[in-house]
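Please look through the sequence and the model shown here before reading on. The numbered points that follow take up a few local features, one after another.

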Amino acid sequence: MPFKTIIEPFRIKSVEPIYMSTIEERMDYLKEAHYNPFLLRSHQVIIDLLTDSGTSAMSSEQWAGIMRGDESYAGASSWERLEHEIHDLTGCPYILPTHQGRAAERILYGHLGGKGKVFISNTHFDTTRANIEFSGAEAIDIPCHQAKDNESDFPFKGNMDIGALEQLILTHGAANIGAVILTVTNNSGGGQPVSMENATEVCAVCLKYRILFVLDCCRIAENSYYIKHFEKGYEHYTYREIAQQMFAMADACVMSAKKDALANMGGFLALRNEPLAAACTNLLIITEGFVTYGGLTGRDMEALAIGLREVFDPGYLNYRIKSTAYLGNHLKEMGVPVIYPIGGHAVYVNAGEFYKHIPAHKYPGQSLACSLFVLGGIRTVEIGSVMFGKYDDQGKLIPATKELVRLAIPRRVYTQSHIDYVIEVFGLIVAEKEKAKGMRITKEPPFLRHFTAHFEMLE
Ligand code: F0G
């Protein structure tokens, strides 16, 4: 198209109100929420960029499918449709429906894990790591070296470090590796894509040492976009064919359908190996539900089956990736440090670099998240020392490696004017940069503190 405006490839049929508020009102809301955006109420938020998970707008086709949902306990036609769709996409013969991604993780890693086992990933997402560690096993991240350089424009910073992979296998012994997990795109690593070449290399190493190769595929359509446009040899394949090619290499696929299946709830586990599928099916029936619905209603399964097809539409994917990059590139031009290139589902702002005057123990990311809410009603999430910081024996903070704030973009929800508003709010954030003084934690739980911790603003 010769035009630079990225128009949303949909018309709006049903709308949800956004409640406007003043800076003073938002200061009160944030105080009541103890300066933790997770504790805000959704109607207090103007633009909600907390997550892209389960926040998609469904299409009229998906809503129509919801009316068709077959709620039979066993053998529902909605299950047949979903199973057929996942089978066609992944090529896996055994499909287990779960209520969301982490339920599939609990089943698979609960079975494969246990004390003495090691799992290796480009980067484990936090629920993936939690499920592995809960089983008693160890989770090790080995992102490629390009991922450490925020400025480099290497297009596949989500790749795994293949040299480190072989080294770890030799150190721990192949028999002790529970699985190798490739997360596409790499959410915790900045939403960066993984190349087909890297997936092929990971697959070859897994075959060589007879280790299970798992794909965490919740954003695989977005990943396919980058392969088609930035990796040689894939120009003539469709996005879906590229995803199918990547799926064909995996022994197991774990999916949170709350992302690229464009659904508000759902997930699945897809497996190639019969004994593994039998063991996981037992756990599915005990903890999720019968094999033809698992953790889902018939209507969920319809929405998911339709969403899994819609997400590969070229018009949708073009809009999705370009509109996220539109936000990220504007912020970069304004001098806001962002992880570059911009990933598919979110823009990650480097708050540590932006607020150079705020040290890690005063939580620059949390400060930025609070300023974004007060100045513009924008809700985001800190991914830094609040989320990943630990304490040493003396109670001193061991900071996270990066102090980031994630602006995750819900799918098909906001228009360009909403995003232009976010960019304008960042104009104020830049102008008032020196006013931010940092935060102090006043109360925190022992695990996953970012969800419920209380804070105070430093004067
Ligand atoms: N894997 C990845 C890469 C994820 O990003 C998520 C969820 C999960 C697994 C777990 O799936 O939420 O359905 O249980 N990510 C959300 C986020 C929560 O905000 O990035 P789930």
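**Notes on the model**

1. L448 sits in the loop that runs between β15 (439–443) and β16 (454–457), where helices (H or I, at least four residues) and strands (E, at least two) are DSSP runs numbered from the N terminus. Together with F447 and F451, L448 forms a nonpolar patch on the surface, and the three have about 360 Å² of accessible area together. Accessible areas come from the Shrake-Rupley method with a 1.4 Å probe, and for residues only the protein chains shown count as cover.

2. Some words on the basis are needed: this is a predicted model, in which local features need pLDDT of at least 70 and side-chain atom pairs count only at pLDDT 80 or more, while totals for chains, interfaces and linings use all residues. Residues are numbered from 1 along each chain as its sequence is written, and side-chain values use heavy atoms, with hydrogens and water left out.

3. A patch of negative charge on the surface brings together E24, E25, D28 and E32. Lys and Arg count as positive and Asp and Glu as negative, while His and the chain ends are not counted; the place of a charge is taken as NZ of Lys, CZ of Arg, CG of Asp or CD of Glu. D28 itself belongs to helix α1 (residues 23–32), and its relative accessible area of 47% makes D28 partly exposed, a class that lies between buried (under 20%) and exposed (over 50%).

4. In helix α5 (residues 126–134), the buried residues are D126, T127, T128, N131 and I132. They pack, with contact meaning heavy atoms within 4.5 Å, against several elements, including α4 (101–112), β3 (118–121) and β5 (177–183). After α5 comes G136, whose phi is positive, near 100 degrees.

5. H34, in the loop between α1 and β1 (47–48), has a positive phi of about 55 degrees and is partly exposed at 32% relative accessibility. R412 has a phi near 65 degrees, and R412 is buried, with a relative accessible area of 15%.

6. Finally, a cis peptide bond joins Y340 and P341, with omega about -5 degrees.

Note on methods:
Patches are made of residues with over 30% relative accessible area and no salt bridge: like charges are joined within 9 Å, nonpolar side chains (Val, Leu, Ile, Met, Phe, Trp, Tyr) within 5 Å. A salt bridge is a side-chain nitrogen of Lys or Arg within 4 Å of a carboxyl oxygen of Asp or Glu. Buried means under 20% relative accessible area, exposed over 50%, partly exposed in between (1.4 Å probe, protein chains only).
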